[in-house]
Amino acid sequence: MVYEGILQQVIEFLGTFAFAISGIRHAAAKQFDWFGGYVCGIAVAIGGGTIRDVMLGVTPFWMTNPFYMICTALALVFVIIFAKYMEGLRNTWFVFDTLGLALFTIAGIQKSLILGQPYWVAIIMGCITGSAGGIIRDVLLNNEPVIFQREIYAMAAVLGGIVYWLSDYLLFPIEVTVIASFLIICLMRFLAVRYHLSLPTLKQE
């Protein structure tokens with residue numbers, strides 16, 4: 001249990017950095033100033049986890065440890081320093097956003113399980129943790145939320161959660177479970193964008 005708690009913290013730290021970079025890069029595309037970029041980074045990094053913790057009835061994770069605020073500040077410095085190099089990397093924001101989605105989905109699942117929630121709740125909490133921050137970011141930037149676009153986003157988190165549950169049910173080691181869930185989410189996102197995969201659209205008639 002202690003090991004899983006430490007692993008969950010490590011995943012949340014990595015997810016915070018990845019998501020913060022994604023939010024800051026989106027803000028840079030809109031030519032926000034440094035403070036605006038930091039706000040967007042914070043929105044993505046802690047938004048989903050905050051909603052999750054409120055729904056689970058616990059103190060939001062960032063209120064118990066200032067590292068998440070510091071981590072977002074470091075992400076801002078990283079983007080400022082390496083902006084010239086990152087600009088040359090096509091779809092860099094997409095890579096960081098995908099990494100953040102995968103890491104935060106796993107973190108949400110693990111925290112829910114640690115708090116004694118059943119797996120179906122844990123999968124929902126994982127999806128919220130991974131995708132809600134991006135919704136807040138898109139609202140701040142006046143963009144259409146990514147989960148309402150035709151690309152597969154939240155469903156990748158749900159699929160990763162199902163893989164996590166199956167791996168745990170088959171008694172795989174926690175390391176294998178985390179890696180399998182992480183790879184499935186990332187692979188699903190990359191394949192969906194590469195081959196323009198999406199769920200069927202609703203028809204008006």
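Predicted model: local features only at pLDDT ≥ 70, side-chain atom pairs only at ≥ 80, totals over all residues.
Apart from residues up to four places away in sequence, Ile 184 touches Leu 159, Gly 160 and Val 163. Lys 84 stands 100 residues from Ile 184 in sequence, and the two C-alpha atoms are 31 Å apart in space.

## Nonpolar cores

Ile 185 is among the residues with the most contacts inside the largest nonpolar core, together with Phe 19, Leu 101 and Tyr 153. This core has 15 residues. Three helices, α4 (92-114), α6 (154-169) and α7 (174-194), each supply at least two residues of the core. When neighbours within four places in sequence are set aside, the contacts of Ile 185 are Leu 101, Ala 102, Thr 105, Ala 156, Ala 157 and Gly 160.

Thr 16 is located in helix α1, which covers residues 2-29. Its relative accessibility is 0%, so Thr 16 counts as buried.

## A nonpolar patch on the surface

Nonpolar residues also occur on the surface. Ile 162, Trp 165, Leu 166, Tyr 169, Leu 170, Phe 172 and Val 176 form a nonpolar patch there, and their accessible area together is about 670 Å². Helix α6 provides the largest share of this patch, with four residues. Trp 165 is a member of the patch and is found in helix α6. Because its relative accessibility is 35%, Trp 165 counts as partly exposed.

## Cysteines without disulfides

How many disulfides does a search of the whole structure find? The search finds zero. Cys 40 takes part in no disulfide, and its nearest cysteine sulfur, that of Cys 71, is 16 Å away. Cys 40 counts as buried because its relative accessibility is 2%.

## Salt bridges

Side chains of opposite charge can pair when their charged atoms come close. The structure holds five salt bridges, and the table presents some of them.

| Side chains | Distance, N to O |
|---|---|
| Asp 53 and Lys 111 | 3.1 Å |
| Asp 97 and Arg 137 | 3.2 Å |
| Asp 138 and Arg 137 | 3.0 Å |

The salt bridge between Asp 53 and Lys 111 links distant parts of the chain, with Asp 53 in helix α2 (residues 34-56) and Lys 111 in helix α4, 58 residues apart. Asp 53 has a relative accessible area of 0% and is therefore buried. For Lys 111 the relative accessible area is 15%, which is under 20%, so Lys 111 is buried.

In the salt bridge between Asp 97 and Arg 137, Asp 97 lies in helix α4 and Arg 137 in helix α5 (residues 119-140), so the pair ties together parts that are 40 residues apart in sequence. Asp 97 is buried, with a relative accessible area of 1%. Arg 137 counts as buried because its relative accessibility is 2%.

Arg 137 also meets Asp 138 in a salt bridge, and both of these residues are buried.

Note on methods. Residues numbered from 1 in each chain as written. Heavy atoms only, no water. Core = buried A, V, L, I, M, F, W, Y, C linked by side-chain atoms within 4.5 Å. Buried < 20%, exposed > 50% of the residue type's maximum accessible area, 1.4 Å probe, protein only. Contact = heavy atoms within 4.5 Å. Patch = residues over 30% accessible without salt bridge, like charges linked within 9 Å, V, L, I, M, F, W, Y side chains within 5 Å. Areas by Shrake-Rupley, 256 points an atom, 1.4 Å probe, with all protein chains shown as cover. Salt bridge = Lys/Arg side-chain N within 4 Å of Asp/Glu carboxyl O. Disulfide = S-S within 2.5 Å.
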